[in-house]
Amino acid sequence: MKPVKHRKYRVRVAVAASCGIALLAGCGLTSGSPLVDDVQPGSIGKDKPLEGADITVTSKEFTEQLVLGAIMGIAFKAAGADVLDRTGIQGSIGAREAIKSGDADAMYEYTGTAWITYLGNSDPIPDPKKQYEAVRKADAKNGITWLPQAALNNTYALAMNNANFKKYGTKTLSDVAALAKKDPKAVTLCVESEFANRADGLPGMQKAYGMNVPRANITQMDSGIIYTQASKGSCTFGEVYTTDGRIKAMHLNVMEDDKKFFPNYNAAPSINTKALKKYPAMADILEPITKKLDNTVAQDLNAKVDVDGQDPHDVAKEWLVKEGFVKE
């Protein structure tokens, strides 16, 4: 689904090197266009509290971020703001620095990304609420305010097709570990090369769950192919991202991370503090929208783009109208 994977901090280091913090304009931050959507307040933005406000919204460039960025921008527009759309920034570093510097005012960011990549912590905090609070507190010193997070958590998982789900009945990663012990041949994995070799990926997962999958049962491949192979049953379990639209489209069953091994990547509005002080209504506008965002909603919205070929902006607008947040 994603041309660049936001959650993996090793990717971001490469982005920082190629993009260059001092060369942010080269990352697309000087581009942008005004939102021209003809939308009016629905359940949010009544009395247009952002009338006269100039707000710049940004995002990273993969599907989910484009949709979330559009949701935010259209919501502000309905509340009366003049919105500059600077979504689709390559990589995480560029969008982050835009918020930090004030070149952009708001975006949806991920708690795990901030905690590990931006704030330099090596270990995630297992409890999502505690991780959010730690990020919120730490980033306040950087001039960034985090509004309440969504249930949407875009992290790693293993998934299997319906036939294998009915055959083996595994629902959790602990079940997968038990199956691997009972019937080693039953557990075959399709994973990305990074996932296969990182402590926060397959090796760490196997250690945390006491899972022993023979190397011969592990096939490394591109992310996009994994979904297809897992759907076909060519591998029993495929590595997936929990909000990917192909999970629902391909009828894959996601295994619960019952020991909470994988980092939490909950989406939350990340706002330049000065901008929020200038336009405090942004918080009230985004709160009910963020509350609606969970993995099921994200899968549906992402699938409309990645499976059905719809435009991310159109998908975002359609959802906001359907939920009654804005009116056309």
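Five strands make up an open sheet of mixed pairing, in the order 9-8-10-7-11. Strand 9 (218-220) and strand 11 (253-254) are the edge strands, each pairing on one side only. Here two strands pair if DSSP finds at least two bridges between them, and both strands (E, at least two residues) and helices (H or I, at least four residues) are DSSP runs numbered from the N terminus. The model is predicted: local features need pLDDT of at least 70 and side-chain atom pairs count only at pLDDT 80 or more, while totals for chains, interfaces and linings use all residues. Residues are numbered from 1 along each chain as its sequence is written, and side-chain values use heavy atoms, with hydrogens and water left out.

Strand 8 (residues 189-191) runs parallel to strand 9 and is joined to it by three bridges. Within this pair, Val191 stands opposite Gln220 of strand 9. Helix 10 (residues 223-232) lies across strand 7 (156-160), strand 8 and strand 10 (237-241), and runs at about 130° to strand 10. The angle is taken between N-to-C directions, from 0 to 180 degrees, with axes fitted as lines to C-alpha atoms, for helices over the stretch in contact; contact means heavy atoms within 4.5 Å.

Two further helices concern burial. Helix 4 (residues 111-118) is mostly covered, with eight of its eight residues buried, among them Trp115, Ile116 and Tyr118. Buried means under 20% relative accessible area, exposed over 50%, and partly exposed in between (1.4 Å probe, protein chains only). Just after helix 4, Gly120 adopts a positive phi of about 75°. In helix 3 (residues 91-101) lies Ser92, which counts as buried because its relative accessibility is 3%. Ser92 and His313 are 221 residues apart in sequence and 20 Å apart in space, C-alpha to C-alpha.

The structure holds one cavity of 30 Å³ or more. A cavity is a set of points on a 1 Å grid over the protein atoms alone where a 1.4 Å probe fits but cannot get out, and lining residues have an atom within 4 Å of a point. Volume is the space filled by probe spheres set on the points, which are joined across faces, edges and corners.

| Feature of the largest cavity | Value |
|---|---|
| Volume | about 40 Å³ |
| Lining residues | Glu64, Val67, Leu68, Leu152, Leu293, Val297, Ala298, Leu301 and Asn302 |
| Elements giving two or more residues | helix 2 (63-78) and helix 14 (295-306) |
| Largest share of the lining | four residues, from helix 14 |

Technical notes. 1 Å grid on protein atoms, 1.4 Å probe; cavity = no way out; pocket = protein on both sides within 12 Å on 5 of 7 lines; lining within 4 Å.
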